Amino acid sequence: RIAQIVEHQLKRAAAGGGATLGQSPVPVLPLLTDLRAALLKVHATKDLRLEIDAPAELGFLGDSGDILELLGNVVDNACKWCRSRVLVTARLDPARALPRRLSIVVEDDGPGIPQQLRTRVIERGVRADEQVPGHGLGLAMVRETVALYGGQFLIDTSEPLGGARVELRLPGR
């Protein structure tokens, strides 16, 4: 998996990154559905409820590998940290500028990310808890990829679930 990520990052760097004009949108719902199935297997020892709320017609304007990497990192983190529930919601906001029109929100019922750590956990090599497996690279890669698309990466507290709330604002239609 690490080799695949490195290969993808090298290809993206060579291509210059960012959304490509005229390309077809990448459907988000099928990626989330496949990711859900995989993560339920990965986290099979946990009584996990992973809910998806996204319209079928929703599409990401960019590279399919990029959106899969973004979703994989953020949703896997939520599954790792939650007690039992993760909610993924995706919507378009036509009032926003194109690079931030697609909103993907991932919320969980875990401990959340304390305010003082929110800017640090998106840096390379920084982890919220050294006792939990990981390398501290996932959220840094998310931050960098979102920036390539001119989007926004926001971390907050989930109102309905009480844990972390991560929002990715990306190009979409």
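1. Rings of Phe, Tyr and Trp, the last taken by its six-membered ring, count as a pair if their centres lie within 6.5 Å. By that criterion this predicted model holds 1 aromatic pair.

2. The partners are Phe-60 and Tyr-149, with 5.1 Å centre to centre and 65° between the planes. Planes over 60 degrees apart count as edge-to-face, and the pair is therefore assigned to that class.

3. Phe-60 belongs to strand S3, whereas Tyr-149 sits in the loop between helix H4 (138–148) and strand S6 (152–157). The pair therefore ties together parts that are 89 residues apart in sequence.

4. Helix H2 covers residues 28–42.

5. Which residues of H2 are buried? They are Val-28, Leu-31, Leu-32, Leu-35 and Leu-39. Viewed down the helix axis, these residues fall within an arc of 95°, so they line one face of H2. An α-helix has 3.6 residues a turn, so residues three or four places apart point the same way. Asp-34 and Lys-41, on the other side of H2, are exposed.

6. The buried residues of H2 pack against several elements: strands S1 (26–27), S2 (49–53), S3 (59–60), S4 (85–92) and S5 (102–108), together with helix H3 (64–81). Strand S3, one of these elements, also carries Phe-60 of the aromatic pair.

Methods. Residues are numbered from 1 along each chain as its sequence is written. This is a predicted model: local features need pLDDT of at least 70, side-chain atom pairs count only at pLDDT 80 or more; totals for chains, interfaces and linings use all residues. Side-chain values use heavy atoms; hydrogens and water are left out. Helices (H or I, at least four residues) and strands (E, at least two) are DSSP runs, numbered from the N terminus. The expected span of a helix is 1.5 Å times one less than its number of residues. Buried means under 20% relative accessible area, exposed over 50%, partly exposed in between (1.4 Å probe, protein chains only). The arc is that of the directions from the helix axis to the C-beta atoms. Contact means heavy atoms within 4.5 Å. Rings of Phe, Tyr and Trp (its six-membered ring) pair if their centres lie within 6.5 Å; planes under 30 degrees apart count as stacked, over 60 as edge-to-face and the rest as tilted.
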